[in-house]
Amino acid sequence: MDGRMKKIVNIICLLMVVMGAFSQASPVDELTCEQLRDTLGLPHYYCDCEENSSTFEFPLEREVNDTVWYTASWDDLRQGISAYWFSSCSITLEAYATCLSKSPTFTLTVGGNQMRDMDVAKINEKLNGMSEREKELALTMKPHIRVYPTRPSNSSSTTECTGNVYCYPFDEGPQSTCGDPLPLRHGMTYVCDDDENDYRLDKAQIATTGKCFIRWMQKDGLPCEVWLTLDSCTGDTIGTSTLSDSLHVFCPDSTILKQARTQNRPVWLHVRHAAGIVGRIYYYRNPKYTEEALPATNKNVCLGKTLSANMRTYTSDTSFVDTLWVKKDTLTTMNVTFTFKQPIVRNDTIYKTRAELKSFRYTDAKTKMSIILKLTDFCDTLVTLTKANTCTARVQLAVREKVNVPTDLEYFESEVPRAYKQIQNGQLFIIIDDRKYTLTGQQIK
């Protein structure tokens with residue numbers, strides 16, 4: 001058991017002795033909590049923690065303008081925490097093993113209009129660092145959570161710091177709906193664990209330039225749909241995008257947003273994704289750009305293969321300026337040009353019976369790729385053969401009727417030259433030795 005834990009145990013024992021002694025005294029001689037705290041040299045917040053703690057449970061949503069204490073359970077804390085704070089000042093959450101603890105087990109400070117979280121791994125790391133005895137003792141205690149707003153040390157404001165705090169288990173967040181929307185704030189993280197969330201963007205949060213971007217982050221790279229509506233949650237759509245990775249962002253039309261700000265018209269952001277996944281959405285106004293763009297990429301490959309850049313894959317000719325997220329409110333650009341070379345068309349001829357035209361597999365002798373063809377008549381057809389990450393092949397295929405060699409010619413011994421086909425002036429003949437036959441078996445003299 002380390003020194004801090006021993007000290008806590010000793011203080012608990014001393015408290016039990018002192019409280020037992022004073023329980024036999026007359027009411028006049030009873031010590032107040034503050035007197036007891038002063039006598040034993042307990043932390044200055046001991047009495048507030050002991051006497052004014054409310055029960056903590058997820059989700060916690062309330063207005064805070066002063067220090068608030070909660071009694072929690074380790075089961076609560078081991079879920080991790082995602083804390084949202086809507087105010088210009090900061091808020092701090094501290095977890096203490098007991099009211100006797102002179103320092104918190106962990107601390108989470110959330111800046112003005114921000115969200116911060118602490119995942120389960122970080123909290124369990126604290127417990128796993130204890131011995132089994134220490135862990136067992138800690139888990140029998142009721143931890144306490146202290147929540148208090150703070151102004152930055154360089155702030156000259158003397159006004160009261162008041163705001164709304166939302167505490168949820170890690171990777172969960174308050175559902176934001178048309179009827180009860182969360183305000184969209186610059187740089188704030190919003191956990192999207194519901195299938196759809198709707199956020200309200202007011203004039204004060206729109207840049208005078210109208211420029212901004214929306215970023216989506218999902219650990220498995222699963223996509224979401226985002227779109228903006230004007231005036232109301234169900235107003236006219238003024239921008240839409242599908243975000244599939246954390247590098248690419250959605251930059252709405254700045255002219256429309258600038259006009260909305262001028263006319264004091266609210267804009268709504270909608271985020272929709274598949275059920276059962278969790279992602280995070282971010283809004284930044286007036287994005288910055290790196291001084292230098294990333295080096296351009298210019299590649300070519302045969303049609304059928306793929307080219308990738310910045311977490312996206314392309315299969316056809318494209319040339320564009322890729323806009324990429326760098327950090328927080330900063331973006332960069334890259335010129336991308338991909339060219340896919342078309343295959344050279346080759347010629348081939350095959351012979352099928354009319355019955356076989358209904359469905360047959362054609363295999364290209366050169367590439368060994370094949371395709372099922374279904375025809376209604378003999379014809380010339382352009383066949384495209386594809387295979388994953390393989391150059392595409394194209395064949396101008398002549399499909400002709402297959403005929404049998406006349407039966408009266410089948411007596412030839414194996415050493416006699418076999419029949420072969422010949423096309424003359426666009427007409428097909430069967431040649432055996434020096435004799436020429438039509439497809440019906442009639443000899444041509």
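Is Ile-81 buried or exposed? Ile-81 counts as buried, at 9% relative accessibility. The points below start from the overall picture and come back to this residue. The model is a predicted one.

1. **Overall make-up.** The protein has 445 residues, and 41% of them count as buried. Its secondary structure amounts to seven helices and 32 strands. Take contacts between residues at least 6 apart in sequence: 63% of these join residues at least 24 apart.

2. **First sheet to look at.** An open sheet is built from five strands, in the order S1-S3-S8-S5-S6. Its pairing is mixed. Strand S1 (53-55) and S6 are the edge strands, and each pairs on one side only. On average, neighbouring strands here are turned by 25° against each other, direction ignored.

3. **Strand S5 and its partners.** S5 covers residues 90-96. It pairs with strand S8 (residues 144-150) in the antiparallel sense, over seven bridges. S5 also runs antiparallel to strand S6 (residues 106-110), and five bridges join these two. Ile-91 shows both pairings. It stands opposite Pro-149 in S8, and opposite Val-110 in S6. Ser-90 has Thr-150 as its bridge partner in S8.

4. **Burial of S5.** Seven of the seven residues in S5 are buried, so the strand is largely enclosed by the rest of the structure. In a regular strand, side chains alternate between the two faces of the sheet. On S5, Ser-90, Thr-92, Glu-94 and Tyr-96 point one way. Ile-91, Leu-93 and Ala-95 point the other way. Both sets are buried. Note that Glu-94 is among the buried residues.

5. **Back to Ile-81.** This residue is found in strand S4 (residues 81-86). The cut-off for buried is under 20% relative accessible area, so the 9% of Ile-81 qualifies. Neighbours within four places in sequence aside, Ile-81 is in contact with Phe-58, Leu-93, Leu-108, Arg-116, Asp-117, Met-118, Cys-167, Tyr-168, Pro-169 and Phe-170. Leu-93 is one of the S5 residues described above. Tyr-168 deserves a look: it is 87 residues from Ile-81 in sequence, yet the two C-alpha atoms are 5.7 Å apart.

6. **An aromatic link from S4 to S9.** The count of aromatic pairs comes to 10. In one of them, the ring centres of Phe-86 and Tyr-166 are 5.7 Å apart and the planes stand at 85°, so the pair is edge-to-face. This pair links distant parts of the chain: Phe-86 lies in strand S4 and Tyr-166 in strand S9 (residues 163-168), 80 residues apart. Phe-86 is buried, with a relative accessible area of 10%. Tyr-166 is buried too, at 18%.

7. **Other ring contacts.** Tyr-45, Trp-69 and Tyr-96 form one aromatic cluster. Tyr-96 belongs to S5. Two arginines sit over rings. Arg-146 lies over the face of Tyr-148, 4.5 Å from the ring centre. The charged end of Arg-215 is over the ring of Tyr-282, at 5.3 Å from its centre.

8. Five strands form another open sheet, in the order S10-S12-S16-S14-S15, with mixed pairing. Strand S10 (182-183) and strand S15 (237-243) are at the edges. Each has a single partner strand, so one side of each is left without a neighbour in the sheet. S14 and S15 pair in the antiparallel sense over six bridges. The bridge partner of Val-226 in S15 is Ser-241.

9. **Nonpolar cores.** In soluble globular proteins, nonpolar side chains tend to be buried together. The largest nonpolar core here has 32 residues. Those with the most contacts inside it are Tyr-190, Tyr-199, Val-267, Leu-269, Val-271 and Ile-281. Strand S14 (residues 224-230) gives the largest share of this core, four residues. Apart from it lies another core, of 26 residues, among them Leu-77, Trp-85, Ile-123 and Ile-145.

10. **Leu-269 in detail.** Neighbours within four places in sequence aside, Leu-269 is in contact with Leu-184, Asn-197, Asp-198, Tyr-199, Ile-214, Val-226, Trp-227, Leu-228 and Ile-281. Of these, Tyr-199 and Ile-281 are, like Leu-269, among the core residues with the most contacts.

Notes: Residues numbered from 1 in each chain as written. Predicted model: local features only at pLDDT ≥ 70, side-chain atom pairs only at ≥ 80, totals over all residues. Heavy atoms only, no water. Buried < 20%, exposed > 50% of the residue type's maximum accessible area, 1.4 Å probe, protein only. Pairing = 2+ DSSP bridges. Contact = heavy atoms within 4.5 Å. Core = buried A, V, L, I, M, F, W, Y, C linked by side-chain atoms within 4.5 Å. Phe/Tyr/Trp six-rings, centres within 6.5 Å; stacked < 30°, edge-to-face > 60°. Lys NZ or Arg CZ within 6 Å of the ring centre and 35° of its normal. Axes fitted to C-alpha atoms, helices over the stretch in contact; angles between N-to-C directions.
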